[in-house]
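Hi,

Here's the model I promised to pass on.

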Amino acid sequence: MNFFRSTLPILITAILVACIPPQDNSIGSTNMSQKIELNPSQSRESILLNKGWSYLEQATDSEGLKSIPSGEWESINLPHTWNALDATDNNPGYRRDAGWYRKIISVPLIDKRWMLYFEGVNISSKVYVNGREAGGHIGGYVGFEVDVTSYLIPFKTNEILVWVDNSVNPNIIPSQKSDFFIFGGITRDVWLKSIPQVSLGTLHVSTPSVSNESATTNLNFDISNWGDGKMEVKALVQLIDPQGVMVSEFDKAIVLNPGQAVVNLDLPELQNPMLWSPASPNLYTLHVSLDGEGVSDDISEKIGYRWFEFKEHGPFFLNGERLLLRGTHRHEGWAGLGNALPDSLHRKDIEMIKEMGANFVRLAHYPQDPEIYRACDELGLLVWDELPWCRGGMGGNEWQANTERLFREQIAQNYNHPSIILWSVGNELYWQPDFEGGGDIEKLKAYVTHLNDLAHELDPYRLTTMRKFYDGAEITDVFSPSIWAGWYSGVYKTFQTAIEKANKKYKHFFHMEYGGSSHVGRHTENPITGEGFVKEDEWDEKPNMINIKKVSASGDWSESYIVDLFDWHLKVSESADWLTGNAQWAFKDFGTPLRPENAIPYINQKGLVDREGNPKDAYYVFKSYWTTDPSFCYIESHTWKERFGKVDEVKQISVFSNCEEVELIHNGTSLGKRTRDIQDYPAAGFHWDVTFKEGENNLVAKGYADNKQITEDTHSVRYIIGKPGNPHDVKLSSETLPGGNIMVKAIVVDKAGELCPDYNKRVYFDINGPGSLLKYQGTPTGSDVIEFASGKASIEFIPGDNGITTIEARTQDFKGSYLRIQTP
């Protein structure tokens with residue numbers, strides 16, 4: 001078999017989720033018990049235990065807990081992190097320490113095994129049941145199971161205590177030097193599982209050969225017999241296609257001794273399989289049941305058939321057809337929640353990525369919540385799944401043992417997902433070693449080789465990859481160098497030259513990470529050009545052109561520049577028939593301890609959406625290139641509502657759209673239709689020269705297909721004739737939002753009271769009186785310390801009791817503008 005032609009291996013963990021609807025367990029005291037009730041008709045069940053926990057923010061040991069008053073515990077629900085707000089507040093650092101979680105349950109007397117399953121705990125943990133240590137785990141981002149059968153007492157209240165620690169520990173990846181927060185807590189769902197005494201365990205499903213005509217399927221699973229007697233059972237295997245038709249069924253008699261037995265089975269060859277792809281994410285259902293005297297168990301899971309190939313120095317093929325990989329990256333995180341997200345928000349991210357037209361996502365820089373993989377399987381996104389070896393070099397025996405074990409667990413847990421095509425051994429792994437000698441290149445190469453071989457041993461049907469360890473570039477099957485044309489180095493119009501050079505150098509080149517930061521609402525009439533030049537003063541008759549050496553440091557972080565950069569990158573990549581593909585960094589703004597001086601402190605603002613999932617202008621650029629349905633138009637930019645210029649000065653207006661034709665109408669006058677042409681930069685040909693009139697200007701963009709209008713967008717711009725004045729004051733105003741909160745807006749104005757669009761310095765919001773400011777969210781309207789965006793800044797105010805509240809906006813230049821709000 002061609003080493004770079006890979007088919008799908010599948011692991012099915014024996015968890016049949018049959019959830020009992022959770023009770024309302026918001027606890028007012030720490031001894032409220034959740035009564036576990038089982039359905040007698042089910043052989044196994046998984047009960048979600050997210051409600052009704054208590055949390056103690058103290059790093060005491062288990063003995064010290066006995067002296068802690070019950071009033072010290074806080075009532076919470078899971079998922080939970082103690083770093084939801086302190087990671088993005090205005091103080092350097094965030095809590096890296098231990099804490100405790102407590103849950104009380106009562107269970108019935110049944111002849112089954114009880115297992116606690118944690119989807120993810122950051123970053124080390126110990127689990128106690130009724131005062132005895134039952135298990136634990138070292139390392140975050142992967143799930144683990146604790147057998148608590150012998151610790152639970154039927155019909156009694158059972159206390160579950162979980163000690164969690166995210167202290168800095170160089171022996172556990174990722175490194176402290178990583179460019180993201182290492183949140184602490186029980187950050188994912190927790191389940192209590194009941195399983196039979198004779199039960200199915202881990203199920204591996206491999207598809208060694210897949211084509212349009214046929215597919216082979218191999219099953220390897222274990223059966224646990226917790227009893228002490230020999231018995232005979234029958235395993236029944238059923239394969240059901242995406243339309244609900246059973247396409248394969250057979251059974252096998254198995255003799256079980258006490259302990260564990262391993263079973264290997266081949267399914268009959270599947271004819272004309274319905275293949276899985278981003279365009280048609282067809283999922284089969286594999287059902288395995290176990291029957292015998294007094295024995296009953298069953299599991300089911302979704303699987304997919306597909307094969308893929310990375311051509312040498314060429315494109316990517318899926319199911320025999322070339323597929324340009326159009327991707328982005330995803331960190332776990334949400335404003336106000338840290339990384340402790342409910343499944344609905346995990347899925348929302350993937351839905352938005354899919355709606356943008358992407359067919360690929362790199363999960364950065366760690367395995368993510370199980371809901372992410374389910375969503376990628378169901379919606380159709382190919383996945384790069386990454387070991388959290390991010391920076392820090394390598395350590396000694398303890399570090400290596402932890403790292404290898406986490407990689408084994410990651411591959412085992414995610415083995416079943418048809419969306420995953422690549423196992424990544426790490427990112428920037430040689431940077432800033434945490435240990436003496438940890439940056440030794442030969443040792444690093446040897447360990448990367450070990451992980452690469454391990455991945456192929458555990459999963460011979462997927463490929464390996466990594467990013468930015470140049471000395472080991474030939475070790476993994478696929479490699480990504482670092483190319484940030486127009487941001488950290490060079491200019492964006494060198495992008496094509498850079499990727500062509502990389503494609504010749506690396507046998508299987510796949511470009512991860514490009515883009516740059518943008519501050520929502522910040523725009524400029526004079527963005528840095530694709531050659532790296534910017535006008536020193538655009539109002540001069542013959543302005544000087546200044547060469548910007550490094551945009552990330554010297555640029556203005558405007559949405560205007562980033563739109564231009566992405567537009568150019570997409571023009572190049574969409575036209576390169578030899579290209580594997582690439583992935584923009586990153587889908588959403590995310591928190592980082594390494595960027596305190598960003599426009600929003602401690603936020604990496606390279607996202608296409610903000611931390612609440614609100615699209616920036618750049619989101620629509622990608623959508624215009626990558627989607628065909630639904631049709632849309634987006635006039636750049638809805639957050640650019642005031643523009644300055646000279647009389648009769650021509651301004652270029654771009655419309656990002658996936659339509660065949662777009663017409664732009666200015667103040668009721670058509671400026672003509674344009675036909676889509678991605679070689680016509682910018683905006684694939686959808687750009688017009690517009691001469692604004694002083695005052696309000698109304699724009700309408702109409703999208704057409706087959707000469708019929710199918711969509712439109714509208715936007716209004718107030719045009720001010722003349723050069724912006726010098727900043728003189730900060731004016732505050734307020735607007736009541738749906739739901740009762742109040743948006744406080746700060747605008748920098750000149751002496752005439754007109755907006756100063758070039759003022760982008762930092763503003764500090766403060767409050768005195770009832771109510772509070774929505775802060776530490778890391779969003780454009782949820783940060784009390786933030787840079788102005790073209791002279792504007794906002795923060796949300798949450799009214800409190802009756803009274804007058806004073807909200808103040810301070811800057812280095814203007815010391816005390818304030819607004820008084822009367823709350824009824």
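A definition before anything else: I call a residue buried when its relative accessible area is under 20%, exposed when over 50%, and partly exposed in between, using a 1.4 Å probe and protein chains only. By that cut-off, 59% of the 824 residues in the protein are buried.

Some housekeeping. This is a predicted model, so to speak of local features I need pLDDT of at least 70, and side-chain atom pairs count only at pLDDT 80 or more, while totals for chains, interfaces and linings use all residues. Residues are numbered from 1 along each chain as its sequence is written, and side-chain values use heavy atoms, with hydrogens and water left out.

Now the overall picture. The protein has eight helices and 53 strands, taken as DSSP runs numbered from the N terminus (helices: H or I, at least four residues; strands: E, at least two). The C-alpha trace spans about 95 × 65 × 60 Å along its principal axes. Of the contacts (heavy atoms within 4.5 Å) between residues at least 6 apart in sequence, 71% join residues at least 24 apart.

You'll find His331 in the loop between β26 (325-330) and α1 (343-355). His331 is buried because its relative accessible area is 8%. Its side chain makes a polar contact with the side chain of Tyr366 at 2.9 Å, and a polar atom of that His331 side chain also lies 3.0 Å from the backbone oxygen of Ala364. For polar contacts I take pairs of N or O atoms within 3.5 Å; within protein, one must be able to donate a hydrogen and the other to accept it, and residues adjacent in sequence count only if both atoms are side-chain atoms. Leaving out residues up to four places away in sequence, His331 touches Phe180, Ala364, His365, Tyr366, Gln368, Trp585 and Phe590.

Then there's helix α2. Which residues are buried in α2 (residues 370-379)? They are Glu371, Ile372, Tyr373, Ala375, Cys376 and Asp377. Their cover includes β26, α1, β27 (360-363), β28 (382-386), α3 (397-414) and β29 (420-427). At the start of α2, a side-chain oxygen of Asp369 comes within 2.9 Å of the backbone nitrogen of Glu371. Just after the helix, Gly380 has a positive phi of about 95°.

Cheers
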